[in-house]
Amino acid sequence: MSKVRADHTVELVARAIYEAEQHALSWDNGSARSRERSREYARNAIRLLNNDIGVLLCALNEAAAEHPPGGSGASIHIPC
């Protein structure tokens, strides 16, 4: 997996973890510490799930495409 794709995957999973924890602030307005903790959780989850993470990544990628962060539209598509 390329570094760009791996970084994008971590961000997708980290945002999902962050939102699941029901933080009062959005990802973009949350603290750097909270975002980095979510990224660490994401890296651990990805390592643990290894090849079984494909379905989750597909769903997260589709959700991110429907609701791009900050409306930038600059996303990386992960094929399902």
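Predicted model: local features only at pLDDT ≥ 70, side-chain atom pairs only at ≥ 80, totals over all residues.
I looked up the buried residues of α1 (3–20) and got His8, Thr9, Val10, Leu12, Val13, Ala14 and Tyr18. Buried means under 20% relative accessible area, with a 1.4 Å probe and protein chains only. Helices here are DSSP runs of H or I, at least four residues, numbered from the N terminus.

Residues are numbered from 1 along each chain, and side-chain values use heavy atoms, without hydrogens and water.

What do the buried residues of α1 pack against? I found α2 (32–49) and α3. Contact means heavy atoms within 4.5 Å.

Next I checked the helix length. At 1.5 Å a residue, the 18 residues of α1 should span 26 Å, and the end C-alpha atoms are 26 Å apart, so the two agree. The expected span is 1.5 Å times one less than the number of residues. Just after α1, Gln22 has a positive phi of about 55°.

Then the largest nonpolar core: 11 residues, including Val10, Trp27, Ala42, Ile53 and Leu60. Such a core joins buried Ala, Val, Leu, Ile, Met, Phe, Trp, Tyr and Cys through side-chain atoms within 4.5 Å. α1 gives this core its largest share, five residues. Beyond four places in sequence, Leu60 is in contact with Leu12, Val13 and Ala16.

Last, I searched the whole structure for aromatic pairs and got one. Tyr18 and Trp27 have ring centres 5.3 Å apart and planes at 90°, so I logged the pair as edge-to-face (centres within 6.5 Å, planes over 60 degrees apart). Both residues, Tyr18 and Trp27, are buried.

Conventions: Buried < 20%, exposed > 50% of the residue type's maximum accessible area, 1.4 Å probe, protein only. Helix = DSSP H or I, 4+ residues; strand = E, 2+ residues; numbered from the N terminus. Phe/Tyr/Trp six-rings, centres within 6.5 Å; stacked < 30°, edge-to-face > 60°.
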